[in-house]
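Work through the exercises below with the structure open. Each task is followed by a solution in steps.

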Amino acid sequence: MNAGEKKVVATMIAIYCRSAHGTKATLCEDCNELLTYAHQRLEHCLYGEEKPTCASCPVHCYKPAMRQKIKEVMRMAGPRMLFLHPIETVKHFHKERQRDRHFATKTKATQKTE
Ligand SMILES: [Zn+2]
C-alpha cells in the first residue's frame with residue numbers, strides 16, 4: 001500500500017541522513033528506525049491510497065518524537081528532492097494535490113449526509 005509514498009519518504013530520509021549524519025550507502029541507525037516507522041505508518045494509514053498529504057491529514061498518527069524527526073527530514077530534504085528528482089517530486093505533489101481535492105470533496109459529502 002502507498003508504494004509511491006514509501007519511495008518518496010525513503011529517498012528523503014536518505015538525502016537527509018547523507019547530509020546531516022554523513023552516511024554514504026546506508027542509513028544510520030536512527031534514520032533507519034525512522035524509515036521503518038514511516039513505512040509502518042503508511043501501511044496502517046486509515047485512508048489507504050486515498051490519503052491526503054500527511055500535513056493536511058486529520059489523523060496525526062506519528063508519535064511526537066518521530067513527528068519531530070520527520071519534520072526535520074522534510075525541511076532539509078524537501079527542496080533537495082525537487083532539485084535531485086524533479087520529475088518524481090512534481091508527480092508526487094501533483095498526485096497529492098489531486099488527492100487533497102478528492103479528499104476534501106469526500107469529507108464534505110460525508111458531512112452532508114450526517
Ligand atoms: Zn541518519
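**Exercise 1: helix 2 against helix 3**

Helix 2 and helix 3 are roughly perpendicular to each other. Task: in this predicted model, find the angle behind that description and list which residues make the contact.

Solution. 
- Step 1. Take the two axes, for helix 2 at residues 29-43 and for helix 3 at residues 64-84; they cross at roughly 105 degrees and come within 11 Å.
- Step 2. Angles of 65 to 115 degrees count as roughly perpendicular, so helix 2 and helix 3 receive that label.
- Step 3. On the side of helix 2 the contact is made by L34, Y37 and A38, and on the side of helix 3 by M66, K69 and I70.
- Step 4. Sorted by class, this contact of helix 2 with helix 3 has 5 nonpolar residues, 1 charged residue and no polar ones.

**Exercise 2: helix 1 against helix 2**

Task: decide whether helix 1 and helix 2 are roughly parallel or antiparallel, and state which hand their crossing has.

Solution. 
- Step 1. The axis of helix 1 (residues 3-21) and that of helix 2 cross at roughly 165 degrees and come within 10 Å.
- Step 2. An angle over 145 degrees counts as roughly antiparallel, and helix 1 and helix 2 are therefore described that way.
- Step 3. Their crossing is right-handed.
- Step 4. Helix 1 contributes E5, K6, V9, A10, I13, Y16, C17 and H21, which meet C31, L34, L35, A38, H39 and L42 of helix 2.
- Step 5. The residues in this contact of helix 1 with helix 2 divide into 10 nonpolar, 2 polar and 2 charged.

**Exercise 3: helix 1 against helix 3**

Task: work out at what angle helix 1 and helix 3 pack, and which residues meet.

Solution. 
- Step 1. The axes of helix 1 and helix 3 are 9 Å apart, and the packing angle is about 105 degrees.
- Step 2. That angle makes helix 1 roughly perpendicular to helix 3.
- Step 3. From helix 1, T11, M12, I13, I15, Y16, S19 and A20 meet V73, M74, M76, A77, R80 and M81 from helix 3.
- Step 4. The contact of helix 1 with helix 3 has 10 nonpolar, 2 polar and 1 charged residues by class.

**Exercise 4: the whole chain**

Task: summarise the secondary structure, burial and confidence of the chain.

Solution. 
- Step 1. The chain has 4 helices and 0 strands, in the order α-α-α-α from the N terminus.
- Step 2. Of the 114 residues, 17% are buried.
- Step 3. Among contacts between residues at least 6 apart in sequence, 68% join residues at least 24 apart.
- Step 4. Mean pLDDT for the chain is 80, with 73% of residues at 70 or more.
- Step 5. Confidence is highest in helix 2, at a mean of 92, and lowest in helix 4 (residues 86-113), at 67.

Conventions: Residues numbered from 1 in each chain as written. Predicted model: local features only at pLDDT ≥ 70, side-chain atom pairs only at ≥ 80, totals over all residues. Axes fitted to C-alpha atoms, helices over the stretch in contact; angles between N-to-C directions. Helix = DSSP H or I, 4+ residues; strand = E, 2+ residues; numbered from the N terminus. Parallel < 35°, antiparallel > 145°, perpendicular 65-115°, else oblique. Contact = placed C-beta atoms within 7 Å. Nonpolar A, V, L, I, M, F, W, Y, C, P; charged D, E, K, R; others polar. pLDDT = per-residue confidence, 0-100. Left-handed = near helix turned anticlockwise from the far one by under 90°. Buried ≥ 20, exposed ≤ 12 C-beta atoms within 10 Å, placed from the backbone.
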